[in-house]
Structures are given as C-alpha cells and as structure tokens.
Amino acid sequence: MDEEYEVIVLGTGLKECILSGLLSVDGVKVLHMDRNDYYGGESTSLNLNQLWKKFRGEDKAPEHLGASRDYNVDMMPKFMMGNGKLVRTLIHTDVTKYLSFKAVDGSYVFVKGKVQKVPVTPMEALKSPLMGIFEKRRAGKFFSYVQDYDEKDPKTHNGMDLTQITTKELIAKFGLDENTIDFIGHAVALHTNDQHLNQPALDTVMRMKLYAESLARFQGTSPYIYPLYGLGELPQAFARLSAVYGGTYMLNKPECKVEFDEEGKVTGVTSEGETAKCKKVVCDPSYLPNKVRKIGRVARAIAIMSHPIPNTNDSHSVQVIIPQKQLARKSDMYVFCCSYSHNVAPKGKFIAFVSTDAETDNPQTELKAGIDLLGPVDEIFFDLYDRYEPVNEPALDNCFISTSYDATTHFETTVADVLNMYTLITGKQLDLNVDLSAASTEDE
C-alpha cells in the first residue's frame with residue numbers, strides 16, 4: 001500500500017467505479033479502496049437475506065418468497081436510455097463485453113388520475129387516450145417539429161432560435177394544454193421539476209430527441225434498457241475494466257482517512273496504519289463529510305409482488321413517472337418495476353420501487369400515491385436517506401466528490417455528474433461519439 005498513485009478513488013459506488021474505469025483507460029495510475037467488503041457502495045444490489053437484514057434486522061427472509069440468491073434488489077434502481085450517455089460511456093470503455101442487457105417493456109406517465117403509455121411519435125400521439133382529438137393533432141405537429149429539428153440545419157428551425165426562446169414560448173406556438181406540457185416535460189424530456197419551462201427550449205427539444213432515438217434504437221416499447229442481474233453488475237464491470245488497465249483494488253479497508261498538507265491539498269489516504277500517496281482523491285460524500293452539505297432527502301418504498309403493475313400492459317419491467325403537478329407536490333414521484341425477466345427475482349416475482357424527494361418525515365404517507373398504483377404487495381419496506389453535494393473547491397484541495405443519488409429512476413442526472421467530474425479531474429471532455437451498434441440487448 002505504501003506506494004504513490006496519481007488518483008485514489010474511495011468507495012465503489014457506480015459513479016466512483018465509472019470514473020476509476022475511465023481514468024485507468026486514460027493511463028492514469030489508480031488505487032481504488034472501499035471500507036465495505038462488497039462492490040457498489042450505496043448503489044449495490046442485495047439478495048433477499050441481505051435486504052431482510054438491512055430493513056428488518058433479521059438474518060433470514062421467509063421461505064415462501066423463494067431462494068435468497070435469486071434476488072438482486074438494486075438500492076439505487078435506474079434504467080438506462082438506449083441512446084444515452086451511460087450507454088455511450090459503456091461502449092467507449094468496452095465495458096459492454098462484461099454485461100448483458102434487456103430492453104425495458106414500458107414507459108408510462110400518471111396523468112388525470114390514470115396510468116397512460118407515454119406517446120413520443122406523431123403516430124403514437126394520434127392513438128393516445130391521454131389527449132382529445134384536437135390536442136392529438138397539435139401534439140402530433142409538435143412531435144414532428146422535434147423529430148425533424150436539426151441544430152445544424154436552419155431550415156428545420158421554423159424561424160425560431162431555440163437558444164433564445166423558452167420552452168414555454170416554443171410550446172405556446174403549438175397551443176398545447178397543461179397536461180400535455182406536463183407529460184412532455186417530465187416523462188419524455190425527463191425534467192425533474194418545471195424550471196425548464198422558463199429556460200431555453202433547445203435543452204428540452206434535445207432531450208425529447210434522445211428519448212425518441214432511444215426508443216427507435218432497440219425497436220422496443222420503451223427507450224430504456226437494463227442489465228440482466230441488476231445494476232450491481234455495473235460497478236463490478238467498471239472495476240474489472242480498471243484492473244485490466246492496471247488499476248489496483250482494495251476492499252474491506254477500514255477508516256480510509258484522507259491526508260492533507262499545510263496548504264489543504266490532498267497528499268494521500270491512510271488505512272490500517274499505512275498511507276498510500278496520491279495527487280488527487282475521488283470519493284462519495286461519506287468519505288469527506290466536512291466538504292459536503294445536505295441538499296435534501298429521498299423517500300423510498302421497495303415492494304416484492306407476485307404480479308406486474310396494473311394498467312401497464314402486463315409489463316415485466318416498467319417506469320411510471322408521476323409529474324409533481326398531478327399530486328400537488330414540489331417534486332415528481334417515480335415508480336420502477338423489474339422482475340424475473342431481468343433475473344432480479346425468482347420466477348413469478350416482481351420488485352417495485354416508489355421514490356421521490358422527501359417533503360415530510362413520513363415516507364409511508366408521502367409515497368401513498370405511487371404505492372396505490374402497485375396493487376397488492378407481498379412485502380414492503382420503507383426508507384429515507386439524506387442527499388449531499390460537494391461544497392469544496394477541487395482546484396484548491398484536489399478532492400473530487402460525487403453528489404448523492406437522486407430519486408429519479410433513470411440515469412441521465414447520474415451520468416451528467418460523472419462526466420462533469422471527469423472533466424474537472426482531467427481537464428478534458430469525454431468523447432462519446434461512438435458506434436452504438438456495439439451495445440445490443442438479448443431481444444435483438
């Protein structure tokens with residue numbers, strides 16, 4: 001351990017593992033340590049007995065739920081956009097060879113008290129029960145505009161500069177109603193609140209294009225994909241990648257104390273009386289609690305069920321987004337479900353999650369609207385965890401700290417944080433122009 005490294009990464013959460021993989025591929029000498037004896041940190045996957053121990057304090061789950069080892073319950077459940085930045089990062093690093101993916105069956109939104117499929121093409125808009133006949137035509141025209149929009153070709157802009165006009169102004173030109181604006185902003189563009197309405201429209205249009213491209217990418221019924229055996233496979237795949245490129249791994253290292261010089265710059269990390277020297281430290285908030293601040297909490301329910309979520313066309317894997325306005329809340333609520341079809345539960349079992357930014361101290365009451373969509377559940381667990389973000393100046397102390405995982409059930413915000421950290425650490429942008437055919441799903 002008494003060696004010198006360019007970067008020491010602390011914690012094997014997904015963000016930290018992606019960064020250690022990317023840096024190793026760049027030829028950076030990396031040491032990766034974790035106080036736990038397992039990979040994944042906060043974003044690990046648990047078998048049934050581990051889940052029982054975490055939430056019920058008992059060593060063994062009831063036998064009627066099936067074999068413990070058949071469960072892989074993600075602690076930070078998220079789907080990947082088929083054409084999104086995480087998939088591009090997986091291809092860029094060639095991590096796809098360690099993983100198998102399967103398309104996700106459904107993408108739904110809760111509007112006017114009902115779960116409805118998210119329409120994204122002019123054709124789907126015309127069929128959608130979400131809208132009346134005239135609204136369908138208007139939405140169809142808007143989707144056509146988005147589909148044809150090309151940033152580099154002014155002929156597709158209809159005389160509008162999307163860097164100058166707001167999303168609200170753009171949508172007003174198509175005369176769409178409140179509910180349509182709601183599902184487009186939250187379930188297609190995947191914004192987590194309504195601030196985008198007053199921001200330049202280009203971001204929302206590009207997000208909608210990503211959704212439509214992801215949908216077309218795997219010819220599925222949703223734009224999402226998800227690894228077989230759950231997300232716990234991802235940190236391990238990036239760890240393998242880092243090791244191939246010379247990264248060193250040490251699990252079960254207690255204490256992991258970051259050392260600083262008189263100027264407050266990182267000099268190394270000490271564990272069990274030994275110090276490894278380094279120039280930079282990358283870590284999750286728990287390793288440097290005095291350099292982060294609390295920014296909120298996430299309320300979450302985890303349910304084991306024996307059926308798919310009702311009104312989702314019997315989807316074995318599905319996301320339902322409940323926009324904030326539909327519940328008179330400040331933040332959206334997310335419902336995520338996967339099952340034995342992705343090898344995360346025994347045959348006939350489904351695992352559902354309901355999550356949102358906590359606005360009270362009672363997740364049970366707060367999550368009721370999402371839990372009500374699940375139908376009868378075999379078992380349910382409630383959780384409330386704090387979120388943190390860094391407040392340090394990396395240029396001064398060489399500490400690069402990730403932000404805690406949010407309540408969303410998609411990876412777009414997670415990857416944005418990773419890519420931003422990568423640029424801060426290396427001073428360069430990651431080139432994500434890759435051949436997407438390198439990622440395939442079992443359905444293809």
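Q: Which residues does Val418 touch, not counting residues up to four places away in sequence?
A: With that exclusion, Val418 touches Lys15, Ile18, Leu19 and Leu22, where contact means heavy atoms within 4.5 Å. This is a predicted model, in which local features need pLDDT of at least 70 and side-chain atom pairs count only at pLDDT 80 or more, while totals for chains, interfaces and linings use all residues. Residues are numbered from 1 along each chain as its sequence is written, and side-chain values use heavy atoms, with hydrogens and water left out.

Q: And is Val418 buried or exposed?
A: Val418 has a relative accessible area of 2% and is therefore buried (buried means under 20% relative accessible area, exposed over 50%, and partly exposed in between, with a 1.4 Å probe and protein chains only). Its place is in helix α13, residues 412–426 (helices are DSSP runs of H or I with at least four residues, strands are runs of E with at least two, and both are numbered from the N terminus).

Q: Switching to α1 and α9, at what angle do they pack?
A: Helix α1 (residues 14–25) and helix α9 (residues 233–244) pack at about 20°, with their axes 8 Å apart; axes are lines fitted to C-alpha atoms, for helices over the stretch in contact, and angles run from 0 to 180 degrees between N-to-C directions. That makes α1 roughly parallel to α9, since angles under 35 degrees count as roughly parallel, over 145 as roughly antiparallel, 65 to 115 as roughly perpendicular and the rest as oblique.

Q: OK, which residues make that contact?
A: From α1 they are Leu14, Cys17, Ile18, Ser20, Gly21, Ser24 and Val25, and from α9 they are Leu234, Pro235, Phe238, Leu241 and Ser242.

Q: What does Leu234 touch, leaving out residues up to four places away in sequence?
A: Leu234 touches Leu14, Met80, Leu86, Leu90, Leu99 and Phe411 on that basis.

Q: How many residues are in the largest nonpolar core?
A: The largest nonpolar core has 101 residues, and Leu234 is among those with the most contacts inside it, as are Leu51 and Met80. Such a core is a set of buried Ala, Val, Leu, Ile, Met, Phe, Trp, Tyr and Cys residues joined through side-chain atoms within 4.5 Å. Its largest share, 7 residues, comes from α8.

Q: Where does Thr204 lie?
A: Thr204 lies in helix α8, residues 201–217, and at 3% relative accessibility Thr204 counts as buried. Not counting residues up to four places away in sequence, Thr204 touches Thr167, Ala189, His191 and His196.
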